[in-house]
Each structure stands twice: as C-alpha cells, then as structure tokens.
Amino acid sequence: MVSVKRLLCITNEGNSGVRAACGDLRGWDVCTVDSIHAARKVLAQQHYAVGLLLDAGGSLEQDDTERFLQQHHHVRWIGVFNADLLHRPQLRQAIATHLFDFHTRPVDTVRLHHSLGHAHGMAMLARTTPPHLRSARHIDGESAAIRRLRAHIDKIAAVDAPVLIGGESGSGKELAAQEIHAQSPRARGPFIAINCGAIPPGLIHSELFGYERGAFTGAGKDKAGLIEAASGGSIFLDEIGDLPLDLQASLLRFLQERTIYRVGGTRTVAVDARVIAATHVDLPKAVAEGRFREDLYYRLSVFPIRVPPLRERKDDLPMLTEIIFNKYADEKSPQLKGISKQALRAMAQHDWPGNIRELINRMRRAMVLAEHRLIMPEDLELAPKDDAIILRDGLDNSRGSAERTAIWNSLAKCGNNISQAARDLGVSRMTLYRLMAKHSIAP
Ligand SMILES: Nc1ncnc2c1ncn2[C@@H]1O[C@H](COP(=O)(O)OP(=O)(O)OP(=O)(O)O)[C@@H](O)[C@H]1O
Ligand SMILES: [Mg+2]
C-alpha cells in the first residue's frame, strides 16, 4: 500500500521560498502555513506525522513556538536555520529538545529528503495519531469490557427511554452519559448535567423545576429550571441517590407524564427531555432502606448500564496513559518523552480504587515531577514495597514512606478532596494537613 506522505511546513517565505530552500519535495503532499497560529488550526483538524520549520530569524527561541512544539510533540519536526544563528544557546537548546533533525542553509536537499523520509518512517513505526483525532467517541479503550459498554451504549442511545448508569467513583459514568446523548437522535439538543448531591437541599427543587414569580421571597420573575432547559436534549442527573424523597416524587411524575410544575406554579409545563441518571451507591439497597422510591427505581432502571472499574480493563492502561500523556503534554518538562516499561508494569499491578480519575491524577503529578526521560514507577508513587526495602531503609523510614504513600494514594483516589481523604484514612482534617506538611505533599 502506498501511503501519502504529508508534510506541514511553517514558513513566512511562501511556497516559492520553500522550493528555493528545499528543492522539489516530490512524493510529499505539502501544506504550507505562515504562522504558528495557522499551524495550530491545521493540527486541530488533521494529523501530520512530519513537520518542517523554515526559520529565518530564530523564532524557535520564542516561548510561543516552544509551547506549540511541546504541545505537538507527536509530530516529528525538522528545522532549517541560518548557520550564523546556531551559536545562540537558547536556540541550540530548543533544537536539541524539540526537533527530530535540523539543517542549515544552504540546504543540502538530498540530505533533507533523507531526513524527511526517516522522520516519516519513524512516525509510522510509532503509532502517533493524537487522541483527539483518533475517534469521534468520548470513551477510550479497546478492552473487551469497554467494547461491550460501547455496544450497549449504541443500542440504548437509539431508544428514547430513561437510563440508569452505575459504576464506581471516577470510572467514567458522566462520560458514558455524554456518549449516550451524543449517539442519540437528541445529539443536537442540549446536554445538561446536574450533581444532585452538590446542590443544597433548599435550592434543588427550584433549580431542577424552576419557579414562578412570587413563589418565594426574591422570586421576582418566572424562571425555567434545568429540566426545562434540557428540552430537546438530555438531562443528566448525577448522584441520583442523593435526591431528596419529595423531589423523587416530582421526578417520577415527570418521567410518567412528561410534564412538570414549577415551584409556586399551578399549571403544568410539557418538557421533552431524556433523563440519564447515574449513581455510585447501591440503589436496590437504598430502596430496601426506604431512602429511594421503589417506583422511581423501576422507572429509571429499564436500561441499566454499568461502567466497568479500571481494574477490570487493565488492557487499556497503555492506551489510556498515552492519551493522558498527550493531553497534558504542555504541563510536562520538555525532556520527558514517555512512560517506562517498569511504570506500565507497576500500573498493571495496581488496583485503581479511584479508577480513571486516579490514573489521570497520578499521571499528571508524575509528568510534572519526573526527572528523567521516562516516567518511572516512583514518579507515580507506585514503587513496589517489599521486605528488602524495609531492611535497607530501616523501620522508621519505611514507616514514613508507607505513611506518605497512603496519604498520596488516598488524595489521588479522592481527587484531592481533603475531607474525603481524611475520612478515608481515618484521621481528622487537621491531622491530614499536618501529615501533608510533614511529607511536603502540596494540597
Ligand atoms: N474511557 C475513558 N477514556 C478516557 N477518559 C476517561 C474514560 N473514562 C473516564 N475518563 C475520564 O476520567 C475522569 C472521570 O470520569 P467521570 O467524571 O465520567 O467519572 P464518574 O464515574 O462520573 O466519577 P464520579 O463517580 O466521581 O462522579 C474524567 O476526567 C473523564 O474524562
Ligand atoms: Mg461523575
């Protein structure tokens, strides 16, 4: 199969300038842009494995250019410079950090062609399609569990009925809800997400159902609620288990009649919105304990789906880490190039109680703190702890490092929520702050 070799060329010398400097770029489909800004736009739409930077005045030293190259590190960049600029330390450093190869003018065109071909070949060896262009879907992963979930979502999306999404914290329930909406005939309508546990109980009724003028002090005029705002689209009720019982009755009514009453209102308002609900609690248990209406539970659970925890789809770890690495590439140090085999092994052994959110947190911290070319297990705080280490480090140090790891794990699991982490660790918030200061862990 002959693949077209595409080249993105950034230059302010125009197509003729490229020809004059580089000769005939036969065999390449060249897209020429005149600025970093224009290159950003092109790369947001299309993937280029190889890029050429014709730099007349040392623009590579500018912060914006460096930031751009760092964000697009999956493109193999080749630079062409005036030789007299190469004594500048900053330019030399930038070339060494960001470029696959460089040439000086006058360009040896044969060598340039070799270098472009080499960059293309290397790019084909490594799969470098950036994730945002890889698929139009939200849910990444190729494991059996995630394929099943996607197939399930496709079927459910087509049916205009309520959906109940279950799954552990951080496993991707909200993402699944967005995907159901995006694949459904309502995709062009609004997707409105509400966390039922995060709105104060006194406000949740009027937030969801709206109110009419004079319903309470301060209600100066009629206001539509979030359910009405989702008309024509979907409303995502996250943590539905936290919905107070009286509102459960109103919601049930809406599911049955497709109409609502605003607070203080006497007339019904017809609303065409699909309800997608999610919960990480065991709803049948909540029903048994009288905290959740049984009729609402049955109404919602016509199509229950479960987002698998990360530990049931560890095959996806390499792909997910690559996606996260690319997504947060502009936060990392320039010399960091990827993730080590040891780190991937340590990840495969970890159980990921905080699921993908924990993975994102660990990766982001590691990307900022790593000091080598590749992320190592200790950068992810996933270093193995065995007896040998205890013997080597002595009991006090081992205790300290176990304490540090426990705090770190808990913060990662709880998305840095101090109160939740303190509960998780069985200490007070003050104690947790003190321990974090002791171990130099930033909040
Ligand atoms: N399959 C996936 N591919 C890529 N990113 C994912 C995937 N699943 C989840 N994420 C990311 O993980 C994070 C957590 O996902 P999400 O908020 O959907 O989880 P959740 O189950 O709603 O969590 P919680 O129960 O804590 O509300 C988000 O940043 C999301 O973008
Ligand atoms: Mg959520």
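This briefing walks through a protein chain and the ligand beside it, topic by topic. The model is predicted, so local features need pLDDT of at least 70 and side-chain atom pairs count only at pLDDT 80 or more, while totals for chains, interfaces and linings use all residues. Residues are numbered from 1 along each chain as its sequence is written, chains are lettered from A and ligands numbered from 1 in the order in which they are written, and side-chain values use heavy atoms, with hydrogens and water left out.

**The whole chain**

- The protein chain holds 19 helices and 14 strands; helices (H or I, at least four residues) and strands (E, at least two) are DSSP runs, numbered from the N terminus.
- Along the principal axes, its C-alpha atoms fill a box of roughly 80 × 60 × 45 Å.
- Of its 443 residues, 45% count as buried; buried means under 20% relative accessible area, exposed over 50%, and partly exposed in between (1.4 Å probe, protein chains only).
- An unreviewed UniProt entry places the feature "domain: Sigma-54 factor interaction" at residues 139–368; UniProt positions are given in the numbering used here, feature names are shortened, and annotations may be inferred rather than shown by experiment.
- That span is 43% helix and 14% strand, and its end C-alpha atoms lie 25 Å apart.

**A strand on the inside**

- Strand S11 (residues 274–279) is largely enclosed by the rest of the structure, because six of its six residues are buried.
- In a regular strand the side chains alternate between the two faces of the sheet.
- On one side of S11 are Arg 274, Ile 276 and Ala 278, on the other Val 275, Ala 277 and Thr 279, and all of them are buried.
- Strand S6 (residues 163–166) pairs with S11 in the parallel sense over four bridges; two strands pair if DSSP finds at least two bridges between them.
- Leu 164 has Ala 277 in S11 as its bridge partner.
- Strand S8 (residues 234–238) also pairs with S11 in the parallel sense, over four bridges, and Phe 236 stands opposite Ile 276 in S11.

**Around ligand 1**

- Ligand 1 has 15 residues around it, and Asp 140, Gly 170, Gly 172, Lys 173 and Arg 357 come nearest; a residue is near a molecule or strand if one of its heavy atoms lies within 4 Å of it.
- Helix H8 (173–183) and helix H16 (355–369) each supply at least two residues of this shell.
- The shell has five nonpolar, four polar and six charged residues; Ala, Val, Leu, Ile, Met, Phe, Trp, Tyr, Cys and Pro count as nonpolar, Asp, Glu, Lys and Arg as charged, and the others, Gly among them, as polar.
- A nitrogen atom of ligand 1 is 3.0 Å from a polar backbone atom of Asp 140.
- An oxygen atom of ligand 1 lies 2.9 Å from a backbone N or O atom of Gly 170.
- A polar side-chain atom of Arg 357 lies 2.6 Å from an oxygen atom of ligand 1.

**Backbone details to look up**

- Most residues other than glycine have a negative phi, and most peptide bonds are trans.
- The peptide bond from Arg 105 to Pro 106 is cis, with omega near -5°, and Pro 106 is found in the loop between strand S5 (101–105) and helix H5 (109–125).
- Arg 258 has a positive phi, near 60°, and lies in the loop between helix H11 (245–257) and strand S9 (259–261).
- Arg 258 has a relative accessible area of 33%, so it is partly exposed.
- Glu 381 has a positive phi too, near 55°, but Glu 381 is buried because its relative accessible area is 16%.

Technical notes. Polar contact = N/O pair within 3.5 Å; in protein donor to acceptor, adjacent residues only side chain to side chain.
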